[in-house]
Amino acid sequence: MSSSSLQFVTYAIADAMLAGPPEATAMVERMTLVLGERADWMNGLARSVATRFGSRWDSVDSKELSKVVAENAGFVSAWRGENQPRVVRVLARPPFQRPPPPWLHDVALPQLPTLGDLAAWLEVEPDELDWFADRWRVPAQSAATPLHHYSYKVIEKRDGRCRIIEVPKSRLRALQRKVLHGLLDRVPAHDAVHGFRCGRNTVTFAAPHAGKAVVIRFDLTDFFASVHTGRVYSAIRALGYPLKVARAVTTLCTNRVPSGRLLAPDVRDRIDWQERQRYRNRHLPQGAPTSPALANLCAFRLDLRLAGLARSLGATYTRYADDLAFSGGDDLARMAQRLEIRVAAIAIEEGFAVNLRKTRVMRRGARQHLAGVVVNSHPNLARTEFDALKAVLTNCVRHGPASQNREGYSDFRAHLVGRVAHAAMLNPARGAKLMAILERIVWGEDSDVRVGLTE
């Protein structure tokens, strides 16, 4: 762009004003430095800008201010005159972090105006940050390489298809945990969200739907993989972080699966074309500690719109990860099909997709269940789940816990304790029966090592 073009000049003047405090005298000095000489019209422009934008100086950008310059009568007159303003040098605005949006005014986010600040906050050297935040360092076909930051695990689905778990290697995972606990955990999700939130769980997700005439459950397809890098970047930028910092945080928390891994024999015929494209593009990896919180943040508008839809119908809405639940009276039961269409349309507009094959309309006469919680009259443990857990515990007593750890849990004891605690929370009587069996399990070589109620 020519240094004498109107757009270039107005942007240069705007940048000069923004390169320091919003004081009229200081702005005039910076404009003089950029244009090489002082002009009378600068005083009026500087006073006008200071009055209009001074109170929100940190949130003003060059584009907004350049329009004010272009519309200033004094500048317009000078531009049309013989001594047309010309840029002799450029002043760049120092990196800064904009204030967070109004709904986060009480949230203390870490101040990270530069990449150096981000690196220091993460306790890594700048070149290490560049290494971990690099968008793509290895060939797209390569999966088994020490240059790649992820390893991959294939989980088989019930229908014979598969899901790819993308596990960050230890050093990247440590950085992601710092981002999670130091930044993302401070940003609240929509109130309808119960997944991956402190103090909330499957019980709080299901409880609002207890005793309703109809409960309708929807499932989002490839919830994490559907959140692509552009949406993550926009969400971080919306928190006030500068472009370079937002880009670095985004690349630290997103991944693309190498084509070589997607075409491997254990994956190739078990995912469809759309799934393969989602994995190939940068997205939230299922397996990274930051993905749940970022998915909730990127789904805020989805939750906002679905909660509004529920209110308009006199219904209740909650979400747990990729499970959406609506419930209401007989009116909602009669319009279940119309609700399905509207939910699917909103999901598509917000970048998600509803798996219509998994939609369940559960009326009062049948068993109503959400995330393993039966909600017909009150939150309760499903009988089938109780029987299955009881069988596992009984077999642990008879044949030893190792015989039942078919999923290969690293801490099978803690896994069983958690499942029993969940059952007791839903149904204390059934939970007490399961706990009695749990206490009889012999762990390890020491026959006196048993699980107690207080563990």
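How many bridges join strand E1 to strand E2? Select residues 150-156 for E1 and residues 162-168 for E2: seven bridges join the two strands, which run antiparallel. Strands (E, at least two residues) and helices (H or I, at least four) are DSSP runs numbered from the N terminus, and two strands count as paired if DSSP finds at least two bridges between them.

Before moving on, note that this is a predicted model, in which local features need pLDDT of at least 70 and side-chain atom pairs count only at pLDDT 80 or more, while totals for chains, interfaces and linings use all residues. Residues are numbered from 1 along each chain as its sequence is written, and side-chain values use heavy atoms, with hydrogens and water left out.

**The E1-E2 hairpin**

Stay with this pair and pick Glu 156; its bridge partner in E2 is Cys 162. Five residues lie between the strands of the hairpin, and Gly 160 takes a positive phi near 90 degrees there.

From Cys 162, go to Arg 268: the two C-alpha atoms are separated by 9.7 Å, although the residues are 106 apart along the chain. Arg 268 is found in the loop between helix H12 (259-262) and helix H13 (273-280). Its relative accessibility is 47%, so Arg 268 counts as partly exposed; buried means under 20% relative accessible area, exposed over 50%, and partly exposed in between (1.4 Å probe, protein chains only).

**Salt bridges**

The structure holds 16 salt bridges, each defined as a side-chain nitrogen of Lys or Arg within 4 Å of a carboxyl oxygen of Asp or Glu.

Select Asp 191 and Arg 200, which form a salt bridge with the closest N and O atoms 2.8 Å apart. Asp 191 is exposed at 56% relative accessibility, whereas Arg 200 is partly exposed at 24%.

Next, select Arg 301 and Glu 350, whose side chains meet in a salt bridge (2.9 Å, N to O). This pair links distant parts of the chain, 49 residues apart: Arg 301 lies in helix H15 (residues 300-312) and Glu 350 in the loop between helix H17 (336-349) and E6. Glu 350 is buried, with a relative accessible area of 11%.

Remain on H15 and select Asp 303 together with Arg 319. Their salt bridge has its closest N and O atoms 2.8 Å apart. It also links distant parts of the chain, with Arg 319 in strand E4 (residues 316-320) and Asp 303 in helix H15, 16 residues apart. Are these two side chains buried or exposed? Arg 319 is buried at 0% relative accessibility, and Asp 303 is buried with a relative accessible area of 0%.

Then display Lys 157, Arg 161, Asp 272 and Glu 275, which salt bridges with shared partners join into one network.

**The E7-E8-E9 sheet**

Move to the open sheet of three strands, ordered E7-E8-E9 with antiparallel pairing. Strand E7 (369-370) and strand E9 (380-381) stand at the edges with a single partner strand each, so one side of each has no neighbour in the sheet. Two bridges join E8 (residues 373-374) to E9, and Val 373 stands opposite Leu 381 in E9.

**Last stop**

Finish at Arg 360 in strand E6 (residues 360-363). Arg 360 is partly exposed, with a relative accessible area of 38%.
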